[in-house]
Amino acid sequence: MAQTIFHRIVSGELPCHRVYEDDHVLAFLDIFPLSRGHTLVIPKVHAETLDRLDEEHAAAIGRVLPRISRAVLDATGARAFNVLQNNGASAHQAVFWVHFHIIPRYDDGSGLVIGWPAGKLADPEGQELAARIAERL
Ligand code: 5GP
């Protein structure tokens, strides 16, 4: 298993600007922030991508994401933010340890820049695709 920079942060070998920690979750400031207060929330167990994360750690992250988001907003004065979660190199993932970005958005335009080249979902493709996904859950 390839080591990531987050292995070294979780083990305490590398320092971070920690904002939250419990038995399952660690949150700290991103070292190359897209905006002031850009925070990373990670499980304390290694999983490369979200689809490989166990439910216990996923639930623990889900539980604290709103609270950490509120704290980031309150501390920075930002009123808007994005939660971003990249999976796979082609989806812009650089560190292969699951992480959620909390990225405040400010009036000066700093924050996440999003391209959103939307298509249009038509039937019968929508029905077929929903059924294909649903039968795998
Ligand atoms: P990804 O593109 O994988 O979704 O995002 C990885 C994030 O980790 C990037 O925003 C990057 O700035 C951040 N990062 C990379 N190395 C370090 C580090 O050593 N410390 C901290 N705090 N953040 C890091």
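This is a predicted model: local features need pLDDT of at least 70, side-chain atom pairs count only at pLDDT 80 or more; totals for chains, interfaces and linings use all residues.
A polar side-chain atom of His99 sits 2.7 Å from an oxygen atom of the ligand.

A polar backbone atom of Ala94 is 2.6 Å from an oxygen atom of the ligand. Then select Ile31, where a polar backbone atom lies 3.3 Å from a nitrogen atom of the ligand.

Now show the surroundings of the ligand. How many residues surround the ligand? There are 16, and the closest are Asp30, His92, Ala94, His99 and His101.

Thr39 touches both of them. Among the other residues that Thr39 touches are Val19, Ala27, Phe28, Leu29, Ile68 and Val72, along with Phe100 and Ile102. Thr39 belongs to strand 3, which covers residues 39-43.

Is Thr39 buried or exposed? Thr39 counts as buried because its relative accessibility is 1%, and buried means under 20%. A polar atom of the Thr39 side chain is 2.6 Å from the backbone oxygen of Gly37.

The last stop is on the surface. Select Leu129, Ile133 and Leu137, which form a nonpolar patch there. Together these three residues have about 350 Å² of accessible area. To place Ile133, display helix 3, residues 125-134, which contains Ile133.

Conventions
Residues are numbered from 1 along each chain as its sequence is written. Side-chain values use heavy atoms; hydrogens and water are left out. Patches are made of residues with over 30% relative accessible area and no salt bridge: like charges are joined within 9 Å, nonpolar side chains (Val, Leu, Ile, Met, Phe, Trp, Tyr) within 5 Å. Accessible areas come from the Shrake-Rupley method with a 1.4 Å probe; for residues, only the protein chains shown count as cover. A salt bridge is a side-chain nitrogen of Lys or Arg within 4 Å of a carboxyl oxygen of Asp or Glu. Helices (H or I, at least four residues) and strands (E, at least two) are DSSP runs, numbered from the N terminus. Buried means under 20% relative accessible area, exposed over 50%, partly exposed in between (1.4 Å probe, protein chains only). A polar contact is a pair of N or O atoms within 3.5 Å; within protein, one must be able to donate a hydrogen and the other to accept it, and residues adjacent in sequence count only if both atoms are side-chain atoms. Contact means heavy atoms within 4.5 Å. A residue is near a molecule or strand if one of its heavy atoms lies within 4 Å of it. Lists of a residue's contacts leave out its neighbours within four places in sequence.
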